[in-house]
Every structure is written in structure tokens, then in C-alpha cells.
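This briefing concerns strand pairing and backbone geometry in one protein model. Please consult the sequence and the structure shown here while reading the points that follow.

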Amino acid sequence: IVIENYTLKQNVDFTASYFYNKKAGSAKVIIKGKGNFAGKVQTSFKILRKSIARAKVIGLKNRAFNKSVIIPKINVKLKSRLLKEGRDYTLSVSGNQQIGNATVRITGSGNYTGKIVKYFKVVPPKVRGVKALKNGVISWTAVQSAEGYEIKYSKFKNMKKAKTIIAKENSVVLAKPKGKYIKIIPFKNIKGIAFKGKSVKIKIQ
């Protein structure tokens with residue numbers, strides 16, 4: 001505040017009281033003279049909504065298909081502030097009922113504006129019940145949502161020099177499998193893209 005080239009000092013020449021200034025919208029300030037100054041003035045100003053466009057989305061990862069609607073558990077953080085769903089933003093998810101790419105849309109609300117669009121993959125669940133049978137047969141419980149299985153096998157635990165085969169059924173025959181490490185990955189191809197589930201690795205005893 002300047003009067004005749006003199007800059008007034010807050011709490012020396014005037015006091016300022018603020019109202020409705022805790023959220024986005026119209027706020028009010030009342031300025032009262034102090035010391036050598038008298039009178040008061042009231043004015044309003046706008047508090048703009050913050051954009052969430054550069055907020056970080058934490059916890060978004062691929063999810064296994066489970067025959068139900070998949071809602072990812074995420075946190076949205078703007079700088080050091082953790083935003084709250086329903087108050088600071090709304091969340092909508094599409095493509096999350098089948099294997100493929102799912103879309104997450106985060107829209108600012110309340111004191112926040114802007115949008116964020118993120119993606120995650122819905123993939124087949126990992127295989128279970130892996131067994132080593134006679135004559136080099138390796139079998140497992142079929143994953144109904146998978147169309148095939150990527151089989152990697154190696155004599156090394158870190159899968160160095162692993163060989164790969166593709167199985168359409170829930171079993172495969174390997175030559176001399178004893179002592180080898182086997183990794184089984186279920187997959188489903190959609191429009192030329194392979195959506196792969198988590199791998200399961202065992203050592204054939």
C-alpha cells in the first residue's frame with residue numbers, strides 16, 4: 001500500500017484481515033489504518049485453482065485379470081501434498097474388465113483443476129500347480145484367460161543361455177529336464193501385442 005510515495009508497513013501503519021481465503025474462489029481482505037493512519041478499506045480477490053497436470057501418480061502397475069472390474073490403488077501427489085480422492089480429484093477407469101490396456105483418468109476438483117491420463121496393463125494371472133511328471137513332462141493348472149505360455153529353461157539359476165518355446169496347452173515335454181530351471185509365463189495376444197502375466201520359476205529336481 002502506497003500513499004503519496006510512502007509505502008505503508010503492515011502491522012505498523014495498517015492491519016489486514018482475510019476472509020474466505022482457505023479455498024479456491026472469491027476471498028476478501030479488510031485493511032484498517034493504524035498508528036498515524038486511520039480509516040479502512042475492503043476489497044476482494046480471487047484464489048485460482050491449482051493444476052494437477054504435473055502431479056505424480058504413485059502405485060500404478062500392471063494387474064492380473066480376475067474376472068471382475070479392476071480399480072487400481074494409487075496416490076496422487078502434487079509437490080509435497082498428497083491429494084485426496086473425492087475432494088481434490090475424481091478417478092475414472094476404462095478398459096479394466098478384460099486383458100489389455102486400461103486407461104486411468106484423474107480430474108481435478110475442489111481447489112484443483114486439470115487432468116492426468118495414465119495407463120496400465122491387465123494381464124493373465126500367473127500359473128499355479130507346476131509339476132514335473134515322468135518322461136520329461138512339465139504340467140501346470142491351465143490359465144483360462146491365457147492363449148498360450150512362454151516357456152524358458154536353463155541349467156543356470158539366473159536363466160543365462162535360456163532356451164524358449166511356446167506352448168498352447170498347459171503342459172510341455174522337455175528333454176532331460178532334471179536339474180534345470182524352468183520359467184513359465186502366460187500370455188494373450190491382442191492386436192499383435194502380447195500381454196504377459198507374472199512368471200513362475202521352478203527347479204526340476
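**Strand pairing and loop residues**

T107 has K115 of β14 as its bridge partner. This pair, like every other feature described here, comes from a predicted model.

**Pairing around β14**
- Strand β12, residues 100-108, runs antiparallel to β14 and is joined to β14 by eight bridges.
- Strand β8, residues 63-64, runs parallel to β14, residues 115-123, and two bridges join them.
- Within β14, V123 is the residue that stands opposite A64.
- In general, strands of a sheet pair through backbone hydrogen bonds, in either a parallel or an antiparallel manner.

**An open sheet of three strands**
- An open sheet is formed by three strands in the order β7-β9-β10, with antiparallel pairing.
- Because β7 (56-58) and β10 (81-82) are at the edges and each has a single partner strand, one side of each is left without a neighbour in the sheet.
- β7 and β9, the latter comprising residues 75-78, are antiparallel and joined by three bridges.
- K77 in β9 stands opposite K56.

**Loop residues with positive phi**
- N11, a residue other than glycine, has a positive phi near 70°.
- The loop holding N11 lies between β2 (6-7) and β3 (14-19).
- K161 is not a glycine either, yet its phi is positive, at about 55°.
- K161 is located in the loop between β17 (148-154) and β18 (163-167).
- With a relative accessible area of 67%, K161 is exposed, because the cut-off for that class is over 50%.

How values were computed:
Residues numbered from 1 in each chain as written. Predicted model: local features only at pLDDT ≥ 70, side-chain atom pairs only at ≥ 80, totals over all residues. Heavy atoms only, no water. Pairing = 2+ DSSP bridges. Helix = DSSP H or I, 4+ residues; strand = E, 2+ residues; numbered from the N terminus. Buried < 20%, exposed > 50% of the residue type's maximum accessible area, 1.4 Å probe, protein only.
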